[in-house]
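Here is a friendly briefing to read alongside the model. Please have the sequence and the 3D view open as you go.

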Amino acid sequence: MDYDGVMQIYFAMFGATMTTSAEFFWGSKSIMMMPYMAIPMDPIGVFFTRIVGICFLLLTLGRVMWGTPKDTFVKQTMGFHVGTILPFIGAAMSDGKHMTPWVWMMQIGMNVAFAAWGSTQM
């Protein structure tokens, strides 16, 4: 599978889980065993994770069903992977009270790897 196909799965999966229940899938008692958040979310956190999930699903639907060209989708996902590195570093460098640093460190590594892979597709 190429970068385009992997990113369709990646963003659809995060979109579905964040829209449904980010806390269930990615919270402190995550069934995925990847607790991005160390504490339960308040209603504002729930709202914003659902909005991000919807955006991820719309990005994926653009590619899968609405005619977004492969080149455009690759650039969009590359923009996400590169553009979120600095905020993710902030989460990784936190004191662990609200965020789980090791998960964010792993996410940074994934972002760098995906950005490098995506750059070969442009």
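Predicted model: local features only at pLDDT ≥ 70, side-chain atom pairs only at ≥ 80, totals over all residues.

Residues are numbered from 1 along each chain as its sequence is written, and side-chain values use heavy atoms, leaving out hydrogens and water.

**The buried side of H5**
- Val103, Trp104, Gln107, Ile108, Asn111, Phe114, Ala115 and Gly118 are the buried residues of H5 (buried means under 20% relative accessible area, exposed over 50%, partly exposed in between, with a 1.4 Å probe and protein chains only).
- They sit on the same side of H5, because they cover an arc of only 145° around the axis, taken from the directions from the helix axis to the C-beta atoms.

**Salt bridges**
- The count comes to 4 salt bridges (a side-chain nitrogen of Lys or Arg within 4 Å of a carboxyl oxygen of Asp or Glu).
- Arginine 63 pairs with aspartate 4, their closest N and O atoms being 2.9 Å apart.
- This pair links distant parts of the chain, with arginine 63 in helix H2 and aspartate 4 in helix H1, 59 residues apart.
- Aspartate 4 is buried at 6% relative accessible area, while arginine 63 is partly exposed at 21%.
- In helix H3, lysine 75 and aspartate 71 lie 4 residues apart, about one turn of the helix, and form a salt bridge at 3.1 Å between the closest N and O atoms.

Conventions:
Helix = DSSP H or I, 4+ residues; strand = E, 2+ residues; numbered from the N terminus.
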